[in-house]
Amino acid sequence: MTLEELVACDNAAQKMQTVSAAVEELLVAAQRQDRLTVGVYESAKLMNVDPDCVVLCLLAIDEEEEDDIALQIHFTLIQSFCCDNDINIVRVSGMQRLAQLLGEPAETQGTTEARDLHCLLVTNPHTDAWKSHSLVEVASYCEESRGNNQWVPYISLQER
């Protein structure tokens, strides 16, 4: 491996860490400000009613769920809709970290059903202009990825 390749790999890893941190920060802020829609069906309903308010779609799945055909079909349909409506999309792994960020109970003991965290939408209602450094960072990463013909960029959320 040449020096240039080593530097490029290091820069890519650093960029991935920066974007992962921005996604985490964005999700926490969006939830706090009631700008987060959680769940595949809830997300589909919102996108059907008002796709213009959606600024980011996160599709979350871990490796052990990759064989879930129904989930993959939902993802394909959501991705298509997002592409048609110019909504940034990011694939995310690290469901436990995602649950931790959103304050999900560590273990549900039959009392409450865990929320479906496979699809998350960050919204920006038309009534105000919510500007977030994290949102700008993630949108920039999505645009850069599209420029490299990677239409649905991937990031991994690391457990802490």
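1. Counting as a disulfide any pair of cysteine sulfur atoms within 2.5 Å, the chain has zero disulfides. In general terms, a disulfide is a covalent bond between the sulfur atoms of two cysteines. The model is a predicted one, in which local features need pLDDT of at least 70 and side-chain atom pairs count only at pLDDT 80 or more, while totals for chains, interfaces and linings use all residues. Residues are numbered from 1 along each chain as its sequence is written, and side-chain values use heavy atoms, with hydrogens and water left out.

2. C82 is buried, at 0% relative accessibility, whereas C83, at 43%, is partly exposed.

3. Helices (H or I, at least four residues) and strands (E, at least two) are taken as DSSP runs and numbered from the N terminus. The chain holds five helices and five strands, and from the N terminus on their order is α-β-α-β-α-β-α-β-α-β.

4. Strand β2, residues 54-60, is mostly covered, with six of its seven residues buried. Strands are said to pair if DSSP finds at least two bridges between them. β2 pairs with strand β4 (residues 119-123) in the antiparallel sense over five bridges, and within that pairing L56 has V122 of β4 as its bridge partner.

5. β2 also pairs with strand β3 (residues 88-93), here in the parallel sense and again over five bridges, and the bridge partner of C57 in β3 is I89. Between these two strands the chain passes through helix α3 (residues 69-84), and this β-α-β crossover is right-handed, meaning that, with the strands pointing away from the viewer, the path from the first strand over the helix to the second runs clockwise.

6. For the chain as a whole, 42% of the 160 residues count as buried. Taking a contact as heavy atoms within 4.5 Å, residues 24 or more positions apart account for 82% of the contacts with a separation of 6 or more.

Note on methods:
Buried means under 20% relative accessible area, exposed over 50%, partly exposed in between (1.4 Å probe, protein chains only).
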